[in-house]
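Student: I have a model open and want to go through its side-chain contacts. Can we start with burial and the rings?
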Amino acid sequence: MLKKGSKLYSILTGTCPRCQKESMYQDKNLLHLSNIIKMKENCSHCGLKYQIEPSFFYGAMYVSYGLNVAIGILTFIIVFQFDRSMLTSFISIMVVLILSFPLVMRLSRNIYINLFVSYKPDLKS
Ligand SMILES: [Zn+2]
């Protein structure tokens, strides 16, 4: 289902969007919170510079915002089915957003760089 060459593969695995041969991150583990956004400078296979321009990944904040809103709405819909209290929904949304924070940080960066770089496995720079 998840085959190499699709943007979804690069987004979900955090691999280089151009060659998809190696991870863009120095530390693959999401639980090492201090290393979440530490990325390599270049891809060692195709040479793609991940920081395309200075402060490139600031744009990932907009993607992150969208993801967080989607997660919040989804959590609200699920929790509201079981308990019609607004306070419970609010607390649930906060807990889910805090727990999903490392994943959202990575996913938003992966989605953002995949908007600009396409899969070209033979390209060397
Ligand atoms: Zn690469």
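Tutor: F56 and Y112 are both buried, meaning under 20% relative accessible area with a 1.4 Å probe and protein chains only; exposed is over 50% and partly exposed in between. This is a predicted model, where local features need pLDDT of at least 70, side-chain atom pairs count only at pLDDT 80 or more, and totals for chains, interfaces and linings use all residues. Residues are numbered from 1 along each chain as its sequence is written, and side-chain values use heavy atoms, with hydrogens and water left out.

Student: Which ring does Y112 pair with at 70° between planes?
Tutor: F116: the centres are 5.1 Å apart and the planes at 70°, so that pair is edge-to-face. Rings of Phe, Tyr and Trp (its six-membered ring) pair if their centres lie within 6.5 Å; planes under 30 degrees apart are stacked, over 60 edge-to-face, and the rest tilted.

Student: How many aromatic pairs does the structure hold?
Tutor: Five. One of them is F56 with Y112, tilted, at 5.0 Å centre to centre and 40° between the planes.

Student: And which residues form the aromatic cluster?
Tutor: F56, F57, Y112 and F116.

Student: New topic. What sits over the ring of Y25?
Tutor: The charged end of R106, 3.9 Å from the ring centre. The criterion is NZ of Lys or CZ of Arg within 6 Å of the ring centre and within 35 degrees of the ring normal.

Student: Is M94 buried or partly exposed?
Tutor: Partly exposed, at 36% relative accessibility.
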